[in-house]
Amino acid sequence: MPNIRAMSVFMILLSSGISILLGVLVDRTSPGGTENYRAVYYGARCLIDRSDPYRAGEFLRVYAAESGEFPSDPFKKFLFLRAVSICVNLPTTLFLVASLAILPWGASHVLWLALISVSLTIAAFLVHDLARIYAPRISLLLICILLANSEVLFAVGNTAGIAVSLCVIAVWCFVKKRYEWLGVVGLGVSLALKPHDSGLAWLFLVVAGGALRKRALEALAITVLLAVPALLWVSNVAPHWPRELAANLAVTSAPGDISDPGPHSISRRGSADVIIDLQTVASVFRDEPRFYNPVALAICASILVILLITMLRRSDAQASIWCGLASIAALSMLPSYHRPYDAKLLLLAVPACAMLWAGGGWLARAAVVLTTLAATLTGDIPLAIISILTRNINVFQMGLTAKVLTIWLLRPAPLILLCTAIFYTWIYVRRAVGTETGTLKKTPEHPVSSVTGRSYRLPKAAGI
């Protein structure tokens, strides 16, 4: 056991180090690197200088006066201007980064990348702490795959690195019942930074009831406490920010633009930083928002409703939350705009996979295959390879049959996430039905899986 723990520490640090090193090297190859953090940093600088960050002209004026670094390549400069100067960050995000925006850019962005590195690595260690009691080697493999394919996160410095890590850390705190105040603050900050990353996980904790609901509601209170001064500050400087933010979102989501989920999006030109929501799949068949948005939302809502209704109807809402969290982690990426760095939330799927693997049987193998594919196909290196291989494929020249046959090659990430969400939802529902009908036989030390029929040891502190 000491050897396994030592190996786990080494492998997690190594995997994290690979992404940090490669991400920093990519960041330094051209002027204007770490563009996602530049957008937040200079947006906060605009507010400090009493300029409206949601107006591209005022944003660029502040940016040109304080930095003036733009990529030399014309196409990269165009992408840079769309990603940086058109502000789509929430007031709470700008407010939270304002303390770092007081610092010079050099010190601020180094500190930001350090925060992402430390928080994501800590989140990985805590997930392994939750999962190793079931299957230490399988859980370590999944964690290393997720960490070693995070280069884009460190190259662009996206806030997802902090938001996702804090959400994962909060789950550990709540389940282990340790440092719960830290988990409350962390989840509250995560919701303020990127609510579409941790929002469904928060909702799951609320519906789970008991102590988890209490902690989730306390986290919401923290978010509100952060939102009030943020909204007052931004509204004072930019009174029309809601309309301007909506316009900016519409501009970047226009056909062919950087946030367009359709096949014509400029984000799909041989890059790993592609959109991975379910709209990207539906748009292959019909590239119209009035088609792909309702389709994606209907599919995701159906899975979410089944999961939440099952939680509300079962007699013991806190029993075996891991499969539910695994489903939520995958499902969170699908209904709205997300990119691969957001998918690091799949760390929450590791304990469920390890638990099923410990039970054995064909479901254990299915869980490992699906979770491994989800971790791999949302990773930066595999996505970069797939994007390069498929960038010259014109889906509009294909018939319906050809699109169906090639969709797994064209859009592997959202499809495997959808399969993962469905699989873990089914497992969760099956376990719940087994509990309600009295078919489960449990003992304090060796509960029996309602799915596999085999016993496995659960952590006492988790209560699951």
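Tyr37, Tyr41, Tyr42, Tyr63, Phe70, Phe80, Trp105 and Trp112 form one aromatic cluster. Rings of Phe, Tyr and Trp (its six-membered ring) pair if their centres lie within 6.5 Å. This is a predicted model: local features need pLDDT of at least 70, side-chain atom pairs count only at pLDDT 80 or more, and totals for chains, interfaces and linings use all residues. Residues are numbered from 1 along each chain as its sequence is written, and side-chain values use heavy atoms, with hydrogens and water left out.

Across the whole structure, a search finds 15 aromatic pairs. Take Tyr42 and Tyr63. Their ring centres are 4.8 Å apart and their planes stand at 85°, so the pair is edge-to-face (planes over 60 degrees apart; under 30 counts as stacked, the rest as tilted). Tyr42 lies in helix H2 (residues 35-48) and Tyr63 in helix H3 (residues 56-66), so the pair ties together parts 21 residues apart in sequence. Both tyrosines, Tyr42 and Tyr63, are buried (under 20% relative accessible area, with exposed over 50% and partly exposed in between, for a 1.4 Å probe and protein chains only). Phe70, another member of the cluster, has Lys77 over its face, at 5.3 Å from the ring centre. For a Lys, that label requires NZ within 6 Å of the ring centre and within 35 degrees of the ring normal.

Now the overall fold. The protein has 21 helices and 0 strands. Helices (H or I, at least four residues) and strands (E, at least two) are DSSP runs, numbered from the N terminus. Of the 464 residues, 57% count as buried. Contact means heavy atoms within 4.5 Å. Among contacts with a separation of 6 or more, 73% join residues 24 or more positions apart.

How do helices H5 and H12 pack? Helix H5 (residues 91-101) meets helix H12 (residues 210-237) at about 95°, with the axes 8 Å apart. Axes are lines fitted to C-alpha atoms over the stretch in contact, and angles run from 0 to 180 degrees between N-to-C directions. That makes H5 roughly perpendicular to H12 (65 to 115 degrees). H5 contributes Pro91, Thr92, Leu94, Phe95, Leu96 and Ala98, while H12 brings Leu226, Ala227, Pro229, Ala230, Leu231, Trp233 and Val234. By class, the contact has 12 nonpolar, 1 polar and no charged residues.

Last, a loop. Gly399 sits between helix H19 (380-390) and helix H20 (400-410). At 42% relative accessibility, Gly399 counts as partly exposed. Its C-alpha atom is 9.3 Å from that of Phe285, 114 residues away along the chain.

Conventions: Parallel < 35°, antiparallel > 145°, perpendicular 65-115°, else oblique. Nonpolar A, V, L, I, M, F, W, Y, C, P; charged D, E, K, R; others polar.
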